[in-house]
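User: I should like to go through the reasoning behind the terms used for this model. Please set each value against its criterion and then conclude.

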Amino acid sequence: MIKSLDIEPTTICNLKCPFCFGPKVVSKKTELNIDIWKNAISKFRNQGVENIVISGGEPLLYDNILEFNGSLEI
Ligand code: SF4
């Protein structure tokens, strides 16, 4: 059973750290829309996922980050 997820709302980032494990996608057209994320997160929660780690990219550059965060609440 999956207990933990590590997800990236966006791979876009405004920094260029030399240790970045990229490659990073630079177009928002490749991001999943908020409804897909909310549906997926809900399904994983229902399957018993307890921990969700948000990484990226810079998550705050995702257009719907507040709504995304709201979907993480239990
Ligand atoms: S994704 Fe993380 S490691 Fe990569 S450039 Fe951005 S802040 Fe740095």
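Analyst: In this predicted model, the protein chain follows the pattern β-α-β-α along the sequence, with 2 helices and 2 strands. Its C-alpha trace spans about 35 × 25 × 15 Å along the principal axes.

User: Why is T11 called buried?

Analyst: The criterion for a buried residue is 20 or more other C-beta atoms within 10 Å. T11 has 20 such atoms within 10 Å, and therefore counts as buried. The place of T11 is in the loop between β1 and α1.

User: What makes E31 buried or exposed?

Analyst: E31 has 20 other C-beta atoms within 10 Å, so E31 is buried. E31 also lies in the loop between β1 and α1. Leaving aside neighbours within four places in sequence, E31 is in contact with T10 and Y62. The C-alpha atoms of E31 and L66 are separated by 16 Å, at 35 residues apart along the chain. For the protein chain of 74 residues, 9% count as buried.

User: Why does I34 count as partly exposed?

Analyst: A residue is exposed at 12 or fewer neighbours and buried at 20 or more, with partly exposed in between. I34 has 18 C-beta neighbours inside 10 Å, and so counts as partly exposed. I34 lies in helix α1, which comprises residues 34-46. Beyond four places in sequence, I34 is in contact with N64, E67 and F68. The C-alpha atoms of I34 and Y62 are separated by 9.5 Å, although these residues are 28 residues apart along the chain.

User: How do you know that the span of α1 agrees with its number of residues?

Analyst: The expected span is 1.5 Å times one less than the number of residues. For the 13 residues of α1 this gives 18 Å, and the end C-alpha atoms are 18 Å apart, so the two values agree. Just after α1, G48 takes a positive phi of about 105°.

User: Why are α1 and α2 called roughly parallel?

Analyst: Two packed helices are described by the angle between their axes and the distance between the axes. Here α1 and helix α2 (residues 65-72) pack at an angle of about 10°, with their axes 9 Å apart. Angles under 35 degrees count as roughly parallel, and α1 and α2 are therefore roughly parallel to each other. By class, their contact has 5 nonpolar, 1 polar and 2 charged residues.

User: Which residues of α1 and α2 meet?

Analyst: From α1, the residues are I34, W37, K38 and I41; from α2, they are E67, F68, S71 and L72. An α-helix has 3.6 residues a turn, so residues three or four places apart point the same way.

User: What makes C20 exposed or buried?

Analyst: The limit for an exposed residue is 12 or fewer neighbours. C20 has 11 C-beta neighbours inside 10 Å and so counts as exposed. C20 lies in the loop between β1 (4-7) and α1. C20 and G57 are 37 residues apart in sequence and 9.4 Å apart in space, C-alpha to C-alpha.

User: Which residues surround the ligand, and how many of them are charged?

Analyst: The ligand is surrounded by C13, L15, K16, C17, C20, G56, G57 and E58. By class, this shell has 4 nonpolar, 2 polar and 2 charged residues.

User: Which peptide bond is cis?

Analyst: The bond from G56 to G57 is cis, with omega near 20°. In general, most peptide bonds are trans. G57 is found in the loop between β2 (51-54) and α2.

User: Finally, what percentage of the contacts join residues at least 24 apart in sequence?

Analyst: Among contacts between residues at least 6 apart in sequence, 83% join residues at least 24 apart.

Definitions and conventions
Residues are numbered from 1 along each chain as its sequence is written. This is a predicted model: local features need pLDDT of at least 70, side-chain atom pairs count only at pLDDT 80 or more; totals for chains, interfaces and linings use all residues. A residue is near a molecule or strand if its C-beta atom, placed from the backbone, lies within 6 Å of it. Ala, Val, Leu, Ile, Met, Phe, Trp, Tyr, Cys and Pro count as nonpolar, Asp, Glu, Lys and Arg as charged, and the others, Gly among them, as polar. Helices (H or I, at least four residues) and strands (E, at least two) are DSSP runs, numbered from the N terminus. Two residues are in contact if their C-beta atoms, placed from the backbone, lie within 7 Å. Axes are lines fitted to C-alpha atoms, for helices over the stretch in contact, and angles run from 0 to 180 degrees between N-to-C directions. Angles under 35 degrees count as roughly parallel, over 145 as roughly antiparallel, 65 to 115 as roughly perpendicular and the rest as oblique.
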